[in-house]
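Dear colleague,

I am handing over the structure shown below, together with an account of what was found in it. Please read the notes with the model open beside them.

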Amino acid sequence: MTAPTAPVKLLWGEDAFLLREAGLAAFGGSHPTEVDASEWQGSELQDLATPSLFGEPRGLMIADARSLSKDAVAEIAAYLGAPDPDAPLVICCQVAERGKPPAALDKMVKAVGTVTQVTIARKELEPWVVKRARDGGVDLGIPSARALVETLGEEPGALVAAIQQLAGAYAGQKVTPAIVAQQFRGLGEQKVWDLCDRAFGKDLPGAIRSLRSLEEGRDDPLKVLGGVSSRLRDLIRVRALPDRLPPAKVARAAGLRFDWQARRYQQQARNFSMAQLLALHERITEADRALKSGSTGDIVMPALITAIAAP
């Protein structure tokens with residue numbers, strides 16, 4: 001079998017931030033065209049194969065490959081029959097915990113390019129935070145990295161944003177666990193965000209772990225339930241919009257602050273029909289009533305999260 005030589009890569013993993021970073025790194029400093037799979041128009045590969053008038057490098061990066069339509073997958077398969085050796089194509093596929101990329105996509109990319117998992121093991125997360133901090137000019141050791149993870153959760157994008165904040169606030173200083181606590185006091189709700197991302201992303205084991213972390217931190221179950229309810233309301237608004245509406249328009253229509261937030265909520269909303277989302281709203285109402293009537297969070301919340309996150 002001939003070794004793959006085309007600049008085609010399939011990157012897969014659980015975290016969208018890491019996937020995008022790895023995807024951009026694959027272009028070696030050039031700036032590819034980025035397209036979300038849900039916004040696929042059908043002309044992207046034609047543009048990739050068309051020589052540039054000004055000779056600049058051409059490249060295409062596709063995000064959220066699981067949202068590719070059958071027609072889009074067929075177009076990519078046809079292109080991979082004779083990919084342009086001078087035009088890199090990177091396909092990013094976010095999966096649930098222990099998930100795998102679609103077998104058909106994996107097979108057709110392997111025939112001409114490479115398939116790579118992008119991940120950070122939990123035991124490697126704190127050293128990774130330390131390295132990112134040092135690369136960003138922040139003097140931060142393992143104890144402070146641990147405090148950062150315990151405060152904000154395990155999402156790499158949120159941790160990098162926190163490092164950037166520390167770089168601006170404590171330039172030239174050693175960042176201690178006490179500084180982390182002071183700087184990010186009140187941001188424990190990030191853990192509720194992590195719970196919502198995992199639950200509505202259909203990652204049941206990850207959602208249960210996230211819930212246990214909140215329980216161990218003695219977070220008020222009603223506060224956690226409020227966060228879940230808020231996310232559900234956002235997803236209902238997003239689900240009511242046309243599937244192929246660009247994230248910027250989704251953000252405006254649904255009252256969200258950021259385009260990336262709209263993109264993520266679009267992905268999560270697609271895991272449910274509108275009827276299922278409305279049924280979950282009833283479950284949350286019942287959970288709220290139970291908690292206010294004296295039921296304990298360690299009974300009410302696992303049942304609710306399982307109802308949301310179960311495949």
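**Helix packing**

Helices H11 and H13 pack at an angle of about 85°, their axes being 9 Å apart. Helices (H or I, at least four residues) and strands (E, at least two) are DSSP runs, numbered from the N terminus. Axes are lines fitted to C-alpha atoms, for helices over the stretch in contact, and angles run from 0 to 180 degrees between N-to-C directions. H11 and H13 are therefore roughly perpendicular to each other; angles of 65 to 115 degrees count as such, those under 35 as roughly parallel, those over 145 as roughly antiparallel and the rest as oblique. On the H11 side the contact (heavy atoms within 4.5 Å) is made by Arg231, Asp234, Leu235, Val238 and Arg239, and on the H13 side by Tyr265, Gln266, Gln268 and Ala269. By class, this contact of H11 with H13 has four nonpolar, two polar and three charged residues. Here Ala, Val, Leu, Ile, Met, Phe, Trp, Tyr, Cys and Pro count as nonpolar, Asp, Glu, Lys and Arg as charged, and the others, Gly among them, as polar.

Before going further, please note that this is a predicted model, in which local features need pLDDT of at least 70 and side-chain atom pairs count only at pLDDT 80 or more, while totals for chains, interfaces and linings use all residues. Residues are numbered from 1 along each chain as its sequence is written, and side-chain values use heavy atoms, with hydrogens and water left out.

A second pair is formed by helix H7 (residues 156-169) and helix H8 (residues 177-184), whose axes come within 12 Å and cross at roughly 100°. H7 and H8 are therefore roughly perpendicular to each other. Ala162, Gln165, Leu166 and Ala169 of H7 make the contact with Ile179, Gln183 and Phe184 of H8. Sorted by class, the contact of H7 with H8 has five nonpolar, two polar and no charged residues.

Leu280, Arg283, Ile284, Ala287, Ala290 and Leu291 in H14 meet a set of H15 residues: Gly297, Val300, Met301, Ala303, Leu304, Ala307 and Ile308. The contact of H14 with H15 has eleven nonpolar, one polar and one charged residues by class.

H14 has 19 residues and reaches 27 Å from its first C-alpha to its last, close to the 27 Å expected at 1.5 Å a residue; the expected span is 1.5 Å times one less than the number of residues. The buried residues of H14 are Leu277, Leu280, Ile284, Ala287 and Leu291, where buried means under 20% relative accessible area, exposed over 50% and partly exposed in between (1.4 Å probe, protein chains only). Seen down the axis of H14, its buried residues fall within an arc of 65°, so they line one face of the helix. The arc is that of the directions from the helix axis to the C-beta atoms. An α-helix has 3.6 residues a turn, so residues three or four places apart point the same way. The face of H14 turned away from the buried side carries the exposed residues Ala275 and Arg289. H14 is followed by Gly294, whose phi is positive, near 115°.

In helix H12 (residues 247-254), the buried residues are Pro247, Val250, Ala251 and Ala254. They cover an arc of only 100° around the axis, which puts them on the same side of H12. These buried residues of H12 pack against helix H11 (221-239) and helix H13 (259-269). Just after H12, Gly255 takes a positive phi of about 75°.

**Individual residues**

Most residues other than glycine have a negative phi. Asp64, however, has a positive phi near 55°. Asp64 is placed in the loop between strand S3 (60-63) and helix H3 (70-80) and is buried, with a relative accessible area of 10%. Lys202 likewise has a positive phi, of about 65°, although it is not a glycine. Lys202 is found in the loop between helix H9 (189-200) and helix H10 (204-216) and counts as partly exposed at 23% relative accessibility.

Glu126 lies in helix H5 (residues 122-135) and is buried, with a relative accessible area of 12%. Not counting residues up to four places away in sequence, Glu126 touches Ile142, Ala145, Arg146 and Val149.

With kind regards
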